[in-house]
Amino acid sequence: MRTLTKLDVDSHRARRELHDHIQGSGPLARHTVDNQSQRQAGSASFHESAHKHVTGKAAYIDDIKTPADALHVALGLSPVAHGTLTKLNLEAVRQAPGVIDVITFDDVPGHTDIGPVFPGDPIFVDREISYAGQCLFAVAATTLQAARRAVKLAKLDIDEQPASLDPVAATEREEFVRPTHVQERGDWQATLEQASQHIEGELFIGGQEHFYLEGQACIVLPSEDEGVIVHTSNQHPSETQKLVAEVLGIPFHAVTVEVRRMGGGFGGKETQASPWACMAALFARRTGKAIRLRLPRSEDTRATGKRHPFHNRYQLAIDHQGVIEGGEITVIGDCGYSPDLSDAIVDRAMFHADNAYSLGNARVTGHRAKTHTASNTAFRGFGGPQGMMIIEAAMDDIARRIGEDPLTIRKRNFYRQGRDITHYGQQVDQIELLHTLVDTLEHSSDYWSRRKAITSFNAASPIIKKGLALTPVKFGISFTAQHLNQAGALLHVYTDGSIMINHGGTEMGQGLHTKICQVVARELGLDLDSVRISATRTDKVPNTSPTAASSGADLNGMAARDAASKLRERLFDFAAEHYSEGLDREGMRLEDGMLIAGIGESERRIAWGELVQTAYLNRISLSEKGFYATPLIYYNRADGQGRPFYYYAFGAAVGEVSVDTLTGEYQVERVDILHDVGDSLNPAIDMGQVEGGFIQGMGWLTSEELKWNDKGMLITDGPATYKIPTFGDLPPIFNVELLEGHPNSMASLYRSKAVGEPPFMLGICVWSALRDALSSLTGYQVSPHLDTPATPERVILAANAIRQKAL
């Protein structure tokens, strides 16, 4: 029986406190324990909106009240994937009941290209149609039903042309959205030529729909002069501010973007929430009315990009023990019709093509293929998971070639002393932590005794085969675009001692706002009930970076800490000068709502409220801004070398599966996870991130299959045809632990580590375990080819293929 940890106790207490403890709908930071010292950063406080989530009081875009005359928007989407729009007759649309306005490409007063980084994303189709679901026009009407009926009255003449849907063929034709990039270190060609053994393979890695619970949605209100106020479900308010302003042809300061929370994002609202805000803003300025725009699920799925599918291949030189000496890896990202964020996403796939293993003398090449599908975009992991998959496939393949357990091969190839430099030139720090983490999980999960039992079971079971795999994660933390590694915060202390914090990050359910409140409470020695957080707004903290790359807490937490610490020092200076008894400035501290100076008999305590009130009466500023920029990072794209990441987060997972080799159906029986978060900012939230990330990663690799027909129309556009994991897919045994006692070696926020994206790749263990089960059909002599998602159909095909190889 598993012993209860401190985290279990805190979690139980949090659930108990939630019971019958519902308060108002204001964004108040809550806590899990009675001891004040455990309410701050480092403690297991529950989500600041937990009460509102479970009672339905949390306000999303659809909950925002608008004037009675607000208009509703529907979109006219392309029914073909590739062609030329020769005629767009919208007379019947304009005359339809309830229609107030219709806009097309020609009605845009400012920029018509809203590409986030590189051009290539027209707000509406002018002539060339690039994917099925691309927006041709938009309609604003008095009701949503009227707008949707009117859209169907459009008369389109389209010269349809064949759609390019194969990224490999596009690569061979050199059809790219951005140039190919190469990273190399050492003489990889000579290493391949002189190697005693070669091994090679290829793998298709499917994409993934974000399937956020709250779809793409926004409300736009016209403001004074030429401006607009935009309420949007959005991970990058500042970018939306910029694009709305450019589309309207007005200054940035005339646009205010506000985000209180999202009902999920996962990267799908980093760039692809902006087009809808731009369209709604156009209507708001043209009509002078409030505008609501929310995409129905099927349109949302067809009109927006996904996780990039990848076609990867490797050729490696190995020695007689299966240790990689060098080689070549090629990754081909299916980018869709335009660049969007694909340059950085394929870069990150290249950065993570090594995962936790030293490649030796190696070249990694990344292609950005252009196809006639929606422009693929950011998704949790940002290309890193797709890059890791090819080297994890290679580890399994090497194990079968050498005749040893895959875990043994993985451990031999880990980064280690003398082999601690990546193919892009960054030294991997905390190498021992990686080894310690894997060794700890290896023992706590009883890997070797289970391996023995599974081998015996498979020998006696001709149909049902079990599989076991332990896979590691090494994930680099930082935006690969250097300028995005910055954040700001704005802190106000009011005269009653209460505090309002605002920062540039956005809340999509991941608990960022909770952690920021905890940081401020810790810096000022206060109870969390004293700290509120306001909606993210571009008129409070400007020029913000997207909440992405697992950096929300790292960047915005440091900015909030900077603001709080500067204000704290100002109050210390004031107190030392103001109070007649001459308080000891050097020994001052804020604890339990008190300013404490001196020790022993000379100790003096001043209540926080008294300190603040006195400072105000003496005209001391009680507001402060904070700023943070990640140090040390750089990347020279010309030579493919640098230090793109501030640090690495590590993790490992053990997956066990049972496979029916006659039907391809399988069950995930048990999962054990040990994950590195440094000194956790909030163990309860971090645990939730690890658990949720794993399940989402497992879904990507097993059940979530995107399918297009030959014409390029997405046919998996809703929950009836696209299968995300459900409660029933949880492993019956699911052991998750955070690695304790290993603070971040870099000067991060309280020595914590990011936890948003790294756990996603823990799901690779399930795919590897499926391959292990199938390999048992040949006595573990042959490594099966298993593309992802590893649906039962793919599993049965792989089982049949490996049986043929064994004959």
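Me: What makes helix 18 oblique to helix 19?
Reply: In this predicted model, helix 18 (residues 683-702) and helix 19 (residues 764-775) pack at an angle of about 40 degrees, with their axes 7 Å apart. Angles under 35 degrees count as roughly parallel and 65 to 115 as roughly perpendicular, so helix 18 is called oblique to helix 19.

Me: Which residues of helix 18 and helix 19 meet?
Reply: From helix 18 you've got F694, M698, L701 and T702, and they meet I764, C765, V766 and W767 of helix 19. That contact divides into 7 nonpolar residues, 1 polar and no charged.

Me: Why is C765 called buried?
Reply: The cut-off is under 20% relative accessible area. C765 comes out at 0%, so it counts as buried. C517 is also at 0%, and therefore C517 is buried by that rule.

Me: How many disulfides does the model have, and how do you know?
Reply: The count comes to 0. To qualify, a pair of cysteine sulfur atoms has to lie within 2.5 Å.

Me: What does W608 touch?
Reply: Leaving out residues up to four places away in sequence, W608 touches V493, G497, I499, L524, L526, L571, L590, G593 and M594.

Note on methods:
Residues are numbered from 1 along each chain as its sequence is written. This is a predicted model: local features need pLDDT of at least 70, side-chain atom pairs count only at pLDDT 80 or more; totals for chains, interfaces and linings use all residues. Side-chain values use heavy atoms; hydrogens and water are left out. Axes are lines fitted to C-alpha atoms, for helices over the stretch in contact, and angles run from 0 to 180 degrees between N-to-C directions. Helices (H or I, at least four residues) and strands (E, at least two) are DSSP runs, numbered from the N terminus. Angles under 35 degrees count as roughly parallel, over 145 as roughly antiparallel, 65 to 115 as roughly perpendicular and the rest as oblique. Contact means heavy atoms within 4.5 Å. Ala, Val, Leu, Ile, Met, Phe, Trp, Tyr, Cys and Pro count as nonpolar, Asp, Glu, Lys and Arg as charged, and the others, Gly among them, as polar. Buried means under 20% relative accessible area, exposed over 50%, partly exposed in between (1.4 Å probe, protein chains only).
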